[in-house]
Amino acid sequence: MLKYQVFFGIVVILMIIRHSLLLKRGNLRLRKYIIFLTFWIALLLAIMFPEETNKIARFFNITRGADFFIYISIMVIFYILFRLFEKMEKIERDITKIVREIALMNKDEKKDK
Amino acid sequence: MQGKEISLSLIDKSKIVILMTAYNEEKVVGAVIDGLLNRGYENIVIVDDGSTDKTYEIVKKYPVFLLRHIVNRGKGASLQTGTEFILSKGFPVIVHFDADGQHNPDDIEKLVEPIFIENVDVVLGSRFLGSVKNLPITRKIVLKMGIVFSNLLYGIKLTDVHNGLRAFKSYVFEKIYFTEDRFAYASELIEKIVKFGFRYKEVPVNITYSEYSIKKGQKNINAINIFFKMIRRRFFA
């Protein structure tokens, strides 16, 4: 086993343990846990068997498995960014609603001051 | 001249409510309110948009309706808050007026005249039909580009689109709801006026930019953000 395989392999296993603990404590939903677990296991397999990733890459007419993974990673990162942006906008809208509700509840009625 | 006096006498100021939003305007907000009160506008609603200075304390001393956002949510969000309050009070005419001192309260009569006399739902103030003092050239270029773009996008022919001085029949806001919290609300407003087929008119108004109002106003770079929001609203909403 090569050094990078040991290093990245340990990192991935630690991430799987972390996510499993989050699931156990009820801080992560099962659906998301399965998505993360699938991702980490796929990454672990790619690290352990790089030659196999080359085969998948060649199926898509990409020479190296590493390149294939970089393309996939960029797509995943952009998707996550988009989802985060979407979520942030919803949170912003919700904050506005709450702030508005509080403002209308605590309004200072016109007085002859 | 006599015709003008007759038309102005038809304007009932008790039916008009002035809606202002204020964010950190402690230096000028008092003078702006005084200017409105001195001209007989007694119905003033101010939304303090989470000011961190003494704006709220200053406004509290005046005979106005005061609402407060506990945190800053932007001009569009504040106008929506004020509008919801006004609709609950039943004022028939709403005027948007800036709290930073760049608007002239004498323009309000010109602004509401078509609402009382003509069959118009919305009156938009235009600084480019009227006069504008001390407008920086970069801001002018950005504004003009925004006008051309809005006219193309919405198929309209306006001379000013991001001017905060406007008047409305209140029922307009039974259909128009600002979802854009920040300055993009101005484009959203134009979009919805066109969409719902409200009768609108532009009238000349006078805007005086000061060093203070330029510093406090929206930044030119924000135009890019508004541009993308307009595209998204027009084609992807």
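Visitor: Why does Asn61(A) count as exposed?

Guide: Asn61(A) has 6 C-beta neighbours inside 10 Å. A residue is buried if 20 or more other C-beta atoms lie within 10 Å of its own, exposed if 12 or fewer, and partly exposed in between, with C-beta atoms placed from the backbone. A word on the model: it is predicted, so local features need pLDDT of at least 70 and side-chain atom pairs count only at pLDDT 80 or more, while totals for chains, interfaces and linings use all residues. Residues are numbered from 1 along each chain as its sequence is written, and chains are lettered from A and ligands numbered from 1 in the order in which they are written.

Visitor: Where is Asn61(A) found, and what is its phi?

Guide: Asn61(A) sits in the loop between α3 (50-59) and α4 (65-105) of chain A. Its phi is near 60°, a positive value in a residue other than glycine. Helices here are DSSP runs of H or I with at least four residues, strands are runs of E with at least two, and both are numbered from the N terminus.

Visitor: Which residue of chain B has a positive phi although it is not a glycine?

Guide: That is Asn24(B), with a phi of about 50°. Asn24(B) lies in the loop between β1 (16-22) and α2 of chain B. Because 18 other C-beta atoms lie within 10 Å, Asn24(B) is partly exposed.

Visitor: What makes Ala31(B) exposed?

Guide: Ala31(B) has 10 other C-beta atoms within 10 Å, so it is exposed. You will find Ala31(B) in helix α2 (residues 29-38) of chain B.

Visitor: What makes chain A more spread out than a compact globule?

Guide: Let us start with its elements: chain A has 4 helices and 0 strands. Its radius of gyration is 23 Å, well over the 13 Å that the globule rule gives for 113 residues, so chain A is more spread out than a compact globule. The radius is taken over C-alpha atoms, and the rule is 2.2 Å times the number of residues to the power 0.38. Along its principal axes, the C-alpha trace of chain A spans about 80 × 35 × 25 Å. Buried residues make up 6% of the 113 residues in chain A.

Visitor: How do you know that β3(B) is largely enclosed by the rest of the structure?

Guide: 5 of the 5 residues of β3(B) are buried, so the strand is largely enclosed. Both faces are covered: Phe65(B), Leu67(B) and His69(B) are buried on one side, and Leu66(B) and Arg68(B) on the other.

Visitor: In which sense do β2 and β3 of chain B pair?

Guide: Strand β2 (residues 44-49) of chain B and β3(B) pair in the parallel sense over 5 bridges; pairing requires that DSSP finds at least two bridges between the strands. Asp49(B) has His69(B) as its bridge partner in β3(B).

Visitor: How many residues does each chain bring to the contact?

Guide: The contact takes 20 residues from chain B and 15 residues from chain A, where two residues are in contact if their C-beta atoms, placed from the backbone, lie within 7 Å. On the side of chain B that touches chain A, β3 (65-69) and α4 (75-89) of chain B each supply at least two residues.
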